[in-house]
Amino acid sequence: MRNRPRASLGRILQDLGTTVLDVAASPGDLDAEVTGVHIFDPLDELIVPTGGILLAVGVRGAAEICSLIERAPAAAGVVVKLPVDVDEQVRATVLETGVAVLGLTRAASWAQVAALLRSLLAEADLAEPEQGPQGDLFSLANAVCALLDAPVTIEDRSSRVLAFSGRQDEADPGRVETVLGRQVPERYLRMLDERGFFKQLYQSRAPVYMELEDEGVINRAAVAVRSGDEILGSIWVAVREPLSEQRQRALADAAKIVALQLLRERAGADTQRRLRADLLSTVLAGGGDAPEAAGRLGIATARLCVLAAQLVPDDTAADPARGESDRQRFCDALALHVAAIHPKAAAALVGSVAYAVLPLHSIGDEEARAVRVAESFLARVGPRHAANIGVGRLAANLSQVARSRADADRALRVLGARGTTGQVAGYTTVHFESLLLQVADVAAAEEQTPTGPYQRLLDHDAEHGTELAPTLRAYLDAFGDVNAASAQVHVHANTFRYRLKRLVEISGLDLSDPDARLTAMLQMRIFGR
């Protein structure tokens with residue numbers, strides 16, 4: 001594992017450029033270490049750990065800015081949409097707390113800037129300005145920028161931005177929009193495709209110069225990033241004239257280094273994913289190794305709630321590889337979602353179930369909060385993934401995590417038994433249904449069968465083709481309301497009364513005895529006849 005210093009606030013501002021973020025009020029130097037990105041929600045508890053950047057959505061005016069800084073004095077900075085109202089009180093509060101106030105361009109959405117900042121912070125990818133390249137894509141982009149004296153982006157095969165250099169504010173508005181959205185806008189992709197630039201780029205092993213000839217648009221030099229015959233991505237440089245032969249060689253050499261890094265990250269991502277899955281499995285299982293595994297995941301001291309999420313099986317999906325890929329994408333989406341709720345949340349695929357361990361602060365009703373998190377996730381991925389999620393009870397310490405995992409598994413199983421899709425269940429809300437499923441497991445393991453009056457009804461129905469057992473179920477489910485019960489089985493009330501009389505005669509069941517009714521109901525639930 002690489003141990004590199006995390007990004008400072010000053011370095012983030014340097015890489016993004018004043019086009020995206022600018023300093024509205026500074027406590028002095030901007031060397032504060034940035035540890036994460038957090039979004040302000042006035043309806044939720046405000047928890048910003050030391051070094052967090054707080055995105056102040058909807059905050060405006062000096063008084064609101066001061067109030068927010070005072071509530072998050074450990075933050076590295078607070079981001080407010082331009083124009084920022086900075087008065088003497090704001091400056092005094094900034095100096096007192098050391099929290100910088102940053103202004104965000106109005107052209108950027110909060111979702112864009114959140115994704116942008118998180119990508120910069122991922123795995124401490126930013127080195128300090130005086131350091132050379134550390135082997136990560138952002139440092140490589142900055143190195144190529146220095147060699148070619150022009151702003152650079154590194155993109156994947158789908159034109160998504162993987163990394164970018166500093167000095168992006170020197171490029172054109174299209175480049176700024178690309179960096180903000182982490183994706184080349186559709187209109188530029190269409191233009192490049194129509195002019196044959198992509199075909200030229202991917203057929204050539206040398207850098208390609210593209211004269212765009214549009215007003216306000218800077219020309220581009222680009223080179224494909226390859227691994228053998230596989231196109232991994234490309235490097236794009238905003239330039240005003242063709243590259244010299246020396247700079248072309250530098251760009252071609254950079255493509256080889258980027259290819260190695262992309263292959264390394266591909267392998268590293270798989271290794272990291274397996275490692276997190278192993279660590280999370282250890283935590284969920286409990287035992288002597290759980291504390292060390294929890295410490296490596298950063299959740300050793302937290303109050304935790306376990307979520308168990310599973311895709312609903314699709315009978316039409318016969319390809320096992322496709323199924324495994326879908327489950328992994330689903331788990332990755334869950335990991336991203338819970339990480340946005342809490343920076344120490346962890347998620348991994350264990351078997352066919354995606355487990356998430358969500359740290360929760362003790363403010364009461366933790367299970368309900370975890371259920372809301374799960375419901376929000378399913379609402380987001382519902383069109384792409386049909387799934388259910390079970391939520392376990394709060395684990396006050398690591399010794400209770402295994403219990404929370406078992407709770408989540410049982411709640412998930414109840415949803416599966418119901419045949420539902422896109423549902424979330426907290427364990428306490430399905431406790432009795434879960435107990436019945438456990439009893440049914442014991443009965444099946446011991447090869448037990450129905451007995452007494454209920455068994456006599458089943459035997460009679462099997463021999464004569466009658467519907468007496470369903471009649472009894474409808475009667476008990478309707479709490480003795482004959483009209484409601486007859487409607488449930490689609491017969492006339494008088495016909496239903498006749499059947500009820502017959503089942504009493506045949507089975508010997510005393511419907512006036514509450515214990516007899518309970519025995520029959522439990523056997524129906526347990527044996528599922």
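User: What makes β11 and β13 a pair, and in which sense do they pair?

Analyst: In this predicted model, strand β11 (residues 304–311) and strand β13 (residues 353–359) are joined over 6 bridges in the antiparallel sense. Two strands pair if DSSP finds at least two bridges between them, so the 6 bridges of β11 and β13 meet the rule. L304 stands opposite P359 in β13. The strands themselves are DSSP runs of E with at least two residues, and helices are runs of H or I with at least four, numbered from the N terminus.

User: What limits apply to a predicted model like this?

Analyst: Local features need pLDDT of at least 70 and side-chain atom pairs count only at pLDDT 80 or more, while totals for chains, interfaces and linings use all residues. Residues are numbered from 1 along each chain as its sequence is written, and side-chain values use heavy atoms, with hydrogens and water left out.

User: Why are β12 and β15 called edge strands?

Analyst: The open sheet has 5 strands in the order β12-β13-β11-β14-β15, with mixed pairing. β12 (346–350) and β15 (424–426) each pair on one side only, and that makes them the edge strands. From one strand to the next the twist averages 20 degrees.

User: How do you know that α13 packs on the sheet?

Analyst: Contact means heavy atoms within 4.5 Å. Helix α13 (residues 401–418) touches β11, β12, β13, β14 (387–391) and β15. Its direction makes about 35 degrees with that of β11; axes are lines fitted to C-alpha atoms, for helices over the stretch in contact, and angles run from 0 to 180 degrees between N-to-C directions.

User: Why is the contact of R167 and D149 called a salt bridge?

Analyst: The term requires a side-chain nitrogen of Lys or Arg within 4 Å of a carboxyl oxygen of Asp or Glu. The side chains of R167 and D149 meet at 3.0 Å, N to O, so the pair qualifies. R167 lies in the loop between β7 (161–164) and α6, and D149 in the loop between α5 (137–148) and β6, so the pair ties together parts that are 18 residues apart in sequence. By this rule the count comes to 14 salt bridges.

User: What makes a space a cavity, and how many are found?

Analyst: On a 1 Å grid over the protein atoms alone, a cavity is a set of points where a 1.4 Å probe fits but cannot get out, and lining residues have an atom within 4 Å of a point. Grid points are joined across faces, edges and corners, and a volume is the space filled by probe spheres set on the points. The search finds 2 cavities of 30 Å³ or more. About 190 Å³ lies in the largest cavity. Of the 15 residues that line the largest cavity, T178, V184, Y188, L192 and R220 are the closest to its centre.

Conventions. 1 Å grid on protein atoms, 1.4 Å probe; cavity = no way out; pocket = protein on both sides within 12 Å on 5 of 7 lines; lining within 4 Å.
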